[in-house]
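Here is a short briefing on a sheet, its helices and a chain contact. Start with the contact, then move to the fold of one chain.

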Amino acid sequence: MPYVSPRIAPRINTVLGPIAPEEAGFVAIHEHIGYGMPGSELDPQWWKTPEQRYEETVPKLRMFHQNTLRWGGATFVDATGICNGRDVSYYQSLSEKTGVHIVASTGFVGGDTALPFFERADVDYLYRQFVHEITVGVGRTGGKAGIIKVGVSRGFRMKELDLRIYRAAARAALETGVPIFTHLAVDAEPAVEIFAEEGLPLDRVLFGHADDGVSQGKVRDRWIAEQGGRIGFDTFGYDLELPDPPFWGRPRQERLEHFLGYLRDGLVDSVLASADANCSPLGWPGVKGHTVNYLFDTLFPALRQHGVDDATIDRIFVELPAAFLTLQPQN
Amino acid sequence: MTATTSVNTVLGPVPAADLGVVAVHEALLSVLPGAQFAYDIELDRAAVFREVADRLTAFKSAGGGTVVDAGGMYAGRDVPLYEALSRATGVHIVASSGQMETGMLGGYFLTPQTDPPTPWPAERFAALYAAEVTEGMVVPRVERRGAAGMISTAVTADSMTPTDESQLRGCARAAKETGVALTFRAGSDPLAELAVALEEGLAAERIAVADAGEQAEKVAAAGAFVVFTDLARAVAFAQAGDAERTLVATGGAAVAFGHDVPPAAYDELVRGVPAELRQQLLVTNPAALLAVKEA
């Protein structure tokens with residue numbers, strides 16, 4: 001009897017296994033359970049007990065679940081890179097206990113967060129690392145990564161290691177079908193060039209943090225959108241109006257206007273949005289009070305006030321991200 | 001040395017006089033930072049334990065008493081594993097705080113989430129490492145355990161970077177403050193690097209310099225210990241008159257992941273050092289270095 005390969009059902013990789021895109025529901029496309037710079041685990045200044053970590057995290061995820069009920073499912077994409085405190089077995093327990101789908105990353109937030117072992121690795125090794133984490137799993141967890149994180153090192157210019165990671169990510173994305181998320185949308189020309197060289201369609205790439213305060217004046221987001229890239233308005237809530245804003249903060253209204261510009265110009269399909277909040281930060285104080293639920297508490301009322309309808313919100317937070325996260329192998 | 005001077009081992013303080021023959025500048029488990037996340041590297045703790053235990057047992061059979069892991073806190077150091085190894089083999093294990101050269105540091109130290117991303121200054125390194133002596137060594141994000149017995153760092157081979165210098169100063173301060181010794185793997189100018197540590201007020205006799213190369217005599221003349229991984233060279237150096245400043249090391253690691261490090265045969269140190277130098281190089285000098293100096 002000839003072997004017949006089973007039909008591969010469309011899927012999104014979550015830490016507890018693949019789900020159908022229709023099950024994803026509301027998607028917070030760029031968030032963190034907990035992010036810390038590599039090495040921060042050595043400094044007890046930031047340590048939290050397991051009790052504290054669950055206590056800080058579970059209510060936020062449960063609230064997220066509550067907030068998303070009208071969309072059916074809740075999907076939380078954790079954009080934490082390999083060396084940044086990514087903890088897939090912890091995400092699995094959180095997902096299992098809260099009912100929130102969690103998508104984990106492979107890849108690196110930027111070359112300057114890749115530890116020496118990976119800094120010394122060539123494109124082929126990095127590609128195999130990413131493919132393994134997407135198709136076999138992360139470490140011993142069995143949880144498969146659903147996106148590849150890449151990024152620009154500090155200084156707003158792509159470094160050689162950043163480029164190596166982008167190229168490896170492009171190859172792994174082509175083979176496995178997961179999308180790529182960039183940390184920062186600055187210095188995008190070399191990135192666009194690499195993706196073109198590798199044959200990866202730019203709609204498989206979300207150029208993240210195009211909306212943050214420090215990138216303004218340096219980011220050519222409309223140009224990226226013209227090339228077919230997706231634009232991440234994913235730092236909603238890091239407002240300079242906060243009592244102690246981070247250095248990447250931005251005036252709330254300015255960010256909102258930037259975003260609304262895309263909607264007014266008919267570019268809704270070019271954007272994705274999120275809050276980039278930490279449930280329980282790992283190696284920095286975090287921003288008190290900022291959670292993924294900012295989207296519901298603050299962003300949506302503001303959008304509605306500016307005449308954005310529910311269909312548009314559904315487009316940005318349900319339909320577009322589901323399609324984006326769905327594995328699309330190119331071979 | 002008084003009868004009360006003690007050494008911080010992973011199982012608690014041990015009188016310096018009880019260390020016996022010491023392999024003073026080794027690596028037990030050596031993991032290139034990041035290799036713990038590599039998809040094709042499996043750190044099988046049972047296998048690692050057996051491999052290290054066998055090497056410690058061979059060392060003990062050859063007359064060895066103590067092994068010092070000089071890899072610092074971010075190159076594979078595994079305090080609970082070392083404790084179990086020490087219990088199982090009866091070999092004293094001393095573990096170190098500190099981290100290696102700039103290229104081995106995580107982004108937390110080099111590009112912190114500040115604007116601009118300024119690398120850590122000396123005082124922050126000093127506080128982090130001193131606490132590993134006074135409050136205990138960290139098991140990352142879990143707990144502190146026993147006290148570090150030495151502070152270990154390294155200078156970039158080509159030349160000392162500003163962060164190497166900050167870290168070396170921080171390590172020297174932590175050593176001075178806590179009484180444990182400082183060891184560093186020298187870069188291109190060992191004497192100048194030693195001078196940096198001395199500027200922090202740490203006595204030269206509390207410092208060991210590895211990879212001192214052509215400057216070994218001058219480093220010894222300045223009062224610091226010189227660590228040799230070339231046994232023949234160490235013996236020649238000691239016989240030429242600097243025996244009281246000479247230390248030897250295998251230059252290897254019991255087990256390494258993510259980079260090529262030759263396997264360490266600690267027992268070869270015992271057999272390789274001529275009988276007339278054994279007491280000085282493997283017992284007296286290490287005990288003097290490791291004995292915690294009263295503040």
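Chain A contributes 25 residues to the contact, and chain B contributes 28 residues. The model is predicted.

**Chain A side of the contact**
- Two or more residues each come from α3 (116-119) and α4 (123-135) of chain A, on the side that touches chain B.
- The largest share of that side, 4 residues, belongs to α4(A).
- By residue class, the side of chain A that touches chain B holds 13 nonpolar, 6 polar and 6 charged residues.

**Sheet of chain B**
- Chain B has an open sheet of 9 strands with parallel pairing.
- The strand order is β12-β11-β10-β9-β8-β5-β4-β3-β13.
- At the edges sit β12 (246-248) and β13 (253-257) of chain B, each pairing on one side only.
- From one strand to the next, the twist averages 30 degrees.

**One strand pair**
- Strands β4 (residues 64-69) and β5 (residues 92-97) of chain B run parallel and are joined by 4 bridges.
- Opposite V68(B) stands V94(B), a residue of β5(B).

**Helices on the sheet**
- Helix α1 (residues 45-61) of chain B packs on the sheet and touches β3 (21-31), β4 and β13 of chain B.
- The direction of α1 makes about 160 degrees with that of β13(B).
- Helix α2 (residues 79-89) of chain B lies across β3, β4 and β5 of chain B.
- Helix α2 of chain B runs at about 165 degrees to β5(B).

Methods. Residues numbered from 1 in each chain as written. Chains lettered and ligands numbered in written order. Predicted model: local features only at pLDDT ≥ 70, side-chain atom pairs only at ≥ 80, totals over all residues. Pairing = 2+ DSSP bridges. Axes fitted to C-alpha atoms, helices over the stretch in contact; angles between N-to-C directions. Contact = placed C-beta atoms within 7 Å. Nonpolar A, V, L, I, M, F, W, Y, C, P; charged D, E, K, R; others polar.
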